[in-house]
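Please read the following report alongside the sequence and the model.

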Amino acid sequence: VTAPITTLTDLRNHLQIAIGLELTTIPTYLYALYSIEEGANTAAVELIESVVLEEMLHMALAANVLNAIGGRPSTRPIAKLGYSPVPTYPATVPLIPAIPRIHLAPFTPKAVDLFLDIERPVPRKAPRAGAKPTVGYGSIGEFYDAIRDAIERLAKPAVFARGAERRAGCQLTSDQYYGGAGKLVAVTDLEAAREALDTIVREGEGLPERALSAPPSAPATADKEASVLGFEVDDFDVLPYGWRMYSHYARFRELRTGRRYRPGQLVSQQPKGDLVLVDWASVLPAGVDPTAAGCEGTAVHTAMVEANRTYRAIVDAVYASFDGRPEALGEAVHLMFALKYQAIALMRTPSPSDPATHLGPGFEYHQPAGPAVRRGRGGG
Amino acid sequence: VSADGGGAGPDEGGYDVVIVGGGIAGATVAKVLAAHGGRRILILEAGRATGMSADKYRSHVEADLASPTKVPNAPYAFNPNAPQADVLDIRQIEPPPQGGVAPSTEPDTSGYLVQTGPLPFQSDYTRALGGTTLHWLGTCLRMLPNDFKLRTLYGHGVDWPFGYDVLRPYYERAETEIIGVAGSTDDQHYPGVKKRSYFGSYEYPMHSVPPSYLDSVLDRGLGGHRITVGGRHYTVEMSNTPAGRNSTPRGDYTVMGAAGNPQQGQRCEGNTNCIPICPVQAKYSALKTLYELMILHPGDRPPTPTRSSVTVVSQAVATAVELDEHGTVRGIRYTEYEDEATPTPATTRTARGTIYVLAANAIHNATLLLASGAANSSGMVGRNLMDHPLILTWGLMAEPVYGFRGPLSTSGLEMFRDGAFRSDHCAFRIEIGNEGWNFSANAPTSTVDALVDAPTAPLFGRDLRRVIGEVMPRQFRLALEMEQIPQASNYVTVDGRYRDQLGVPRPVIRYDLPDYVRAGMAAAKQASDQMYALLGLHPLPPRPDPDAVPAAELFPYPFDYTAYRETDPGYLTYGDQGFVFQGAGHLAGTHVMGDSPRTSVVDPRQRCWDHDNLYLVGCGNMPTVGTSNPTLTMTALAIMAAENIHADLGNRS
């Protein structure tokens with residue numbers, strides 16, 4: 001239960017939280033992705049990649065909406081909420097208590113359960129009758145519904161006009177996004193803001209709550225609203241070659257159950273299609289929520305710190321691209337490749353304190369200021 | 001729809017078009033025809049359909065990773081039922097008997113190609129669904145207007161039956177509808193070519209892939225400098241190479257990712273592995289077009305006015321073009337095999353349609369026609385076999401140039417592609433390689449081996465890393481690629497004595513290079529020498545002797561390391577100079593197009609003079625090859641042929 005958003009400032013705070021929320025999911029998906037041994041689990045790799053690419057799109061879309069209404073995306077904490085848009089793991093998401101604490105963990109059934117909880121259209125447990133209503137939103141979808149509702153009420157044309165002036169050059173466009181489904185639309189008016197927010201919800205949870213119990217009747221049509229009830233697992237993105245995408249929730253459900261949905265099945269149903277082969281054993285035993293501080297004084301500390309530095313540079317570059325320097329996104333791509341190789345190297349390295357568990361990147365943007373990392377030869 | 005055949009293949013008529021060959025030419029013809037709607041199309045592919053899903057494509061990548069020698073066919077397993085040429089099979093051919101003019105009586109049969117010499121034909125190709133686009137570089141240069149008039153302007157080769165302007169709209173379609181080319185018309189610098197008449201207002205569908213760092217170093221050292229070759233002066237100018245490689249789209253162009261995983265390969269990731277395999281499928285291969293056909297025009301559903309039906313049958317080796325007494329093609333006989341045991345359980349079938357298209361490569365189109373006794377009233381089938389014979393030059397730069405980052409090549413030097421010199425020697429193009437000494441010396445493996453296995457003070461540990469760090473980033477190479485002119489005496493033929501395990505005749509090749517081409521090599525080497533000198537690289541004095549010099553001193557720099565050994569298979573001489581040439585994989589010219597049925601195999605519509613329902617497509621139709629990698633031109637020609645086939649079908653129904 002939440003009060004409606006009543007001021008533009010509140011709306012901007014919500015959108016900054018949205019950017020932070022999308023960013024929060026990316027390391028947890030990447031961590032599982034990079035833990036999969038090279039060449040193994042191709043279905044899982046493709047699936048997680050497809051989701052994480054769309055989370056990057058959602059982060060950029062949320063930033064476009066915030067810029068469009070004159071807000072400035074920033075990594076600085078939102079004072080009022082004491083919330084940093086760049087999380088430390090394990091991470092909590094403000095305002096959406098339905099989302100559990102988000103961990104960095106290797107690819108396991110438990111990790112996929114967490115992914116399902118993040119992307120679930122409705123809270124897992126219905127509140128007991130007579131129970132005190134929880135404060136906050138019940139799902140990411142509800143959170144975005146509130147944002148969309150507020151934009152409809154508060155973002156008058158003058159707001160977009162002022163935003164276009166104050167935040168000129170800050171809209172990212174489809175040139176800067178590729179590899180995933182969906183489209184990075186520049187947001188300049190209410191219509192584009194709706195499209196951006198719809199894309200986020202549609203690709204993530206895939207459907208409004210009411211569709212979970214709808215019968216698989218009507219075929220897909222061009223009218224999204226009309227067909228969403230009938231063509232449930234499809235999120236209406238059509239990729240090159242006519243490839244149709246399912247929502248994140250549906251995709252993770254396939255992974256968890258080891259079966260594809262058949263076309264036309266409901267998301268709430270047990271997938272009954274083709275087998276998805278998942279090899280849970282071909283996974284590097286990376287630790288859960290690793291930190292550089294946990295390795296201080298050991299030979300691997302430098303590598304942990306370096307990975308965190310790369311991550312920080314990525315986040316800063318991405319935010320720079322939200323702030324009128326779109327080319328920074330291209331620079332971030334190089335860093336993303338660098339982080340991938342650093343992450344895999346760490347995940348192949350046994351932890352000094354517990355050799356059965358391997359290291360992993362901590363994704364620590366707020367790395368405690370420790371002793372300077374020694375450069376050059378050695379490092380332990 | 002099943003790319004693996006799956007059960008009984010077609011053994012009856014009913015197809016509008018039967019296409020032999022599941023490479024880019026066949027896929028292009030099928031796509032253009034299918035787009036008109038209502039067509040039933042069959043594609044027969046001799047090889048397997050391994051690449052047709054993302055996980056199976058991955059098995060090619062794994063095979064490449066496991067191979068110590070990164071030759072073009074490293075990822076594509078040899079298939080005894082559809083054998084393929086491989087560069088590792090190339091041997092020096094025995095010279096003909098003293099005083100004799102006939103080829104040696106003992107050809108080299110150690111590889112799949114039967115080679116009678118005097119020079120070995122050095123190009124390979126891939127027989128699998130997708131064809132040789134599985135390992136092409138992706139270079140998409142168009143031919144130059146003067147390339148179409150070589151005989152008239154320079155007195156060599158032949159003229160094409162039509163000029164550049166006729167082909168230009170088909171080039172545009174090949175670049176946007178089939179391949180997807182990244183490039184910028186502003187960055188194209190060709191001799192004597194004006195942008196306005198060559199491109200008009202056209203722009204490539206994707207922005208250029210950024211040039212490599214090496215390109216910028218070479219531009220700094222060479223750009224704007226004058227060099228002199230054969231008494232003529234040339235100004236060095238870098239030209240960004242258009243490529244079938246995904247990049248940022250222009251306008252609303254849709255970038256096509258991997259076949260079976262369209263989210264992957266939306267942009268080039270700079271793996272420097274275009275040859276032998278792009279691991280992410282950012283580089284175009286015919287698999288993408290075939291995959292699109294399977295989704296949009298499924299073979300298991302009947303065609304509608306807007307949708308066609310395209311069936312792909314793999315593991316189906318065409319063995320004969322069946323003709324009736326009027327010279328009309330009545331069917332394509334083919335052998336369908338399952339496993340690779342010897343002898344192979346195989347079934348013979350016949351595919352029947354209204355119009356037939358041979359879309360195998362230049363060698364296999366020719367051998368199929370020769371084995372069938374078809375299309376050869378001119379006696380030209382198999383003749384005029386061409387390639388772009390190339391010589392490499394390589395060196396260690398004064399400063400690191402950091403190869404192995406970005407695509408295999410992003411720029412070239414195009415100033416020798418046309419000019420008055422073509423009366424004296426062949427035109428050539430200079431491709432700037434971005435993969436160190438990989439092509440010239442199988443680096444990095446060979447570099448590391450030389451340091452580790454050195455007889456004197458071999459290196460290991462930190463010292464090894466240091467020396468590798470000095471040598472590897474300084475490696476670079478140029479490929480000087482010659483225009484080979486058509487000659488009837490260069491040919492592929494068949495000989496009943498040489499057959500594969502299905503009984504299909506193996507290609508028998510006679511190959512030599514004329515002085516016109518060898519003189520081009522000498523001129524190109526002259527150009528290369530001057531450019532190396534401008535870069536401060538002088539010829540390496542005798543290479544350090546590993547027995548006398550410690551490993552750490554085996555690779556001094558900066559020097560031009562180019563050296564041609566008489567023992568190399570491609571060794572040839574021109575005057576007192578020796579060169580080692582390589583193949584470019586550009587098989588062309590074996591069923592040339594022309595204005596006369598006496599001197600050509602297909603007419604300007606690319607239909608056989610001898611058979612009014614048989615079309616040939618592919619590089620075999622090209623009367624001359626110019627200096628551009630031929631795939632783009634071949635694709636443009638295939639679109640043109642497909643529109644002619646569409647017109648023929650309309651006239652028949």
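The scores of the model are ipTM 0.75 and pTM 0.88.

This is a predicted model, in which local features need pLDDT of at least 70 and side-chain atom pairs count only at pLDDT 80 or more, while totals for chains, interfaces and linings use all residues. Residues are numbered from 1 along each chain as its sequence is written, chains are lettered from A and ligands numbered from 1 in the order in which they are written, and side-chain values use heavy atoms, with hydrogens and water left out.

Helices (H or I, at least four residues) and strands (E, at least two) are DSSP runs, numbered from the N terminus. Buried means under 20% relative accessible area, exposed over 50%, and partly exposed in between, with a 1.4 Å probe and protein chains only. Accessible areas come from the Shrake-Rupley method with a 1.4 Å probe, and for residues only the protein chains shown count as cover.

| Chain and property | Value |
|---|---|
| Chain A, buried residues | 53% of 380 residues |
| Chain B, buried residues | 61% of 653 residues |
| Chain A, accessible surface | about 16700 Å², 55% from carbon and sulfur atoms |
| Chain B, accessible surface | about 23000 Å², 50% from carbon and sulfur atoms |

Chain B contains 13 helices and 22 strands, and its C-alpha trace spans about 75 × 60 × 55 Å along the principal axes. Among the contacts of chain B with a separation of 6 or more, 73% join residues 24 or more positions apart.

Chain A holds 10 helices and 2 strands, which follow the pattern α-α-α-α-α-α-α-β-β-α-α-α along the sequence. Helix H3 (residues 109-119) of chain A is largely enclosed by the rest of the structure, because 8 of its 11 residues are buried. The buried residues of H3(A) include A:Leu114, A:Phe115 and A:Leu116, as well as A:Asp117 and A:Glu119. Their cover includes helix H1 (8-35), helix H2 (42-68), helix H4 (140-154), helix H6 (190-204) and helix H8 (248-257) of chain A.

Notes:
Contact means heavy atoms within 4.5 Å.
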